[in-house]
Amino acid sequence: SYYTSDPQFAGSSAIPTIGTMAIGVSYIGMPFVNPVALRYVEYQRHMVVGGWALAVFGLVAASFATRVWQLVLFQGVLYGAGWVICYAPFLLMLNGWFVRKRGLAYGILFGASGISGLFIPFVVEALLRRFGFRIALRVYAIATVVISGPSTVFMIKPRLSSSPSSPHASAQPTRTTSRRGAARTELVGNVQLYFFALAIFLQGLGFFIPNIFLPSFASSLSLSHALGSTLLALNSLAQVCGQIGFGYVSDKANIYIPTSASTLLSGLAIVFLWGPAKDFWRLSAFATLWGFFSGSYSVLYTRICTYLAEDPDAAVTLYGIFSFERGIANILEGPLSAWLLGADENIERYALQKYQGLVVFTSVMMFASAIAGVGYVFGNVKPRWRGSS
């Protein structure tokens with residue numbers, strides 16, 4: 001929003017690409033970084049710190065940009081690449097610490113980012129308004145170093161040492177090529193995998209649209225920018241609760257229950273709350289329900305993977321594939337949302353007329369994503385708890 005009003009960048013059609021590249025690259029890179037982190041276990045901590053530093057550097061470099069393509073490169077591609085290099089081995093180490101309560105652990109982990117979303121929109125808006133994007137990016141980079149630096153550099157570590165001389169090294173089971181091949185064959189022949197893969201892609205196509213357009217929807221209703229940021233904060237708070245709650249449920253219930261509930265209830269919230277909204281209170285109800293149900297969906301990936309794959313390495317590979325799908329969906333969302341956004345605005349019409357295409361498309365994607373539940377009829381396999389190795 002700030003870049004579109006900045007004289008240096010205003011008028012460029014590539015501005016929305018900045019955010020979609022940052023998120024898209026971080027998702028798409030997962031299946032490429034995961035095998036490296038699995039192969040070179042002894043360098044996982046180095047990858048975490050190196051990726052984190054690369055993401056911070058991307059923010060600082062973007063603060064010196066004078067062209068939109070530089071923002072796309074540094075705040076988009078470089079930041080996203082640094083994030084996935086940090087994040088992939090981080091998740092592998094988390095898997096080593098938690099097995100039976102892994103869903104809850106992921107819920108708490110993802111909920112932490114939701115807590116930051118309670119105040120970051122207000123802080124960034126104030127920085128941009130008072131100092132401009134250059135100072136705002138540098139302050140954000142410094143804050144990242146100060147807040148997350150100590151834990152990233154000194155505290156995050158695998159549960160078991162990967163050194164060959166470690167007393168735990170011999171306890172690590174060796175997976176032969178034939179065993180890995182058998183695991184892949186098992187996955188390829190699993191019909192439920194394809195239903196889940198389709199569901200994740202469809203949910204990803206619609207997931208980011210409300211978060212992107214809620215502030216502008218609020219502006220169309222003549223609500224203040226502060227109220228628009230409040231909607232995002234409500235969304236983040238609800239997302240925290242939903243991620244922890246759904247993470248806990250995924251440890252206890254059949255995985256089809258939380259996945260189907262998340263998408264179906266998200267779709268209903270769009271149809272009956274976002275579309276008819278004409279005031280802040282209905283929009284706030286939608287932002288809350290959308291954050292709780294839709295924002296919790298990605299927490300379920302880890303349990304979907306362990307549900308489908310017996311081999312831990314295969315489960316990690318699946319997680320990378322699902323993240324790749326999410327990244328492709330995110331990148332497609334940019335041009336799709338631009339095409340669906342109407343030109344004429346009428347406050348008396350459903351979804352203010354201008355946003356009708358977005359509301360209909362997002363609700364259809366949510367309802368269609370519930371197709372994962374159809375996979376249940378092809379075999380209800382009980383979750384099999386794996387060892388942390």
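This report walks through a helix packing, the salt bridges and a nonpolar surface patch in a predicted model. Local features need pLDDT of at least 70 and side-chain atom pairs count only at pLDDT 80 or more, while totals for chains, interfaces and linings use all residues. Residues are numbered from 1 along each chain as its sequence is written, and side-chain values use heavy atoms, with hydrogens and water left out.

Let us start with two helices (DSSP runs of H or I, at least four residues, numbered from the N terminus). Helix α11 (residues 225–252) packs against helix α13 (residues 280–293) at an angle of about 30 degrees, and their axes are 6 Å apart. That makes α11 roughly parallel to α13, a label for angles under 35 degrees. Axes here are lines fitted to C-alpha atoms over the stretch in contact, with angles from 0 to 180 degrees between N-to-C directions.

Now to the charged pairs. The structure holds two salt bridges, each defined as a side-chain nitrogen of Lys or Arg within 4 Å of a carboxyl oxygen of Asp or Glu.

| Salt bridge | Closest N and O atoms |
|---|---|
| E125 and R129 | 3.6 Å |
| R303 and D251 | 2.9 Å |

By contrast, E125 and R129 share helix α7 (residues 120–131), four residues apart, about one turn of the helix. E125 is partly exposed at 25% relative accessibility, and R129 is exposed at 61%.

Helix α14 also holds T302, which is buried with a relative accessible area of 5%. The C-alpha atoms of T302 and L91 are separated by 9.9 Å, although the two residues are 211 apart along the chain.

Finally, what forms the nonpolar patch on the surface? The residues are L264, L265, L268, F272 and F367, with about 440 Å² of accessible area together. Such areas come from the Shrake-Rupley method with a 1.4 Å probe, where for residues only the protein chains shown count as cover. Patch residues have over 30% relative accessible area and no salt bridge, and nonpolar side chains (Val, Leu, Ile, Met, Phe, Trp, Tyr) are joined within 5 Å, like charges within 9 Å. Helix α12 (residues 256–274) gives the largest share, four residues. F367 is found in helix α16 (residues 356–369) and is partly exposed, with a relative accessible area of 34%.

Key
Buried < 20%, exposed > 50% of the residue type's maximum accessible area, 1.4 Å probe, protein only. Parallel < 35°, antiparallel > 145°, perpendicular 65-115°, else oblique.
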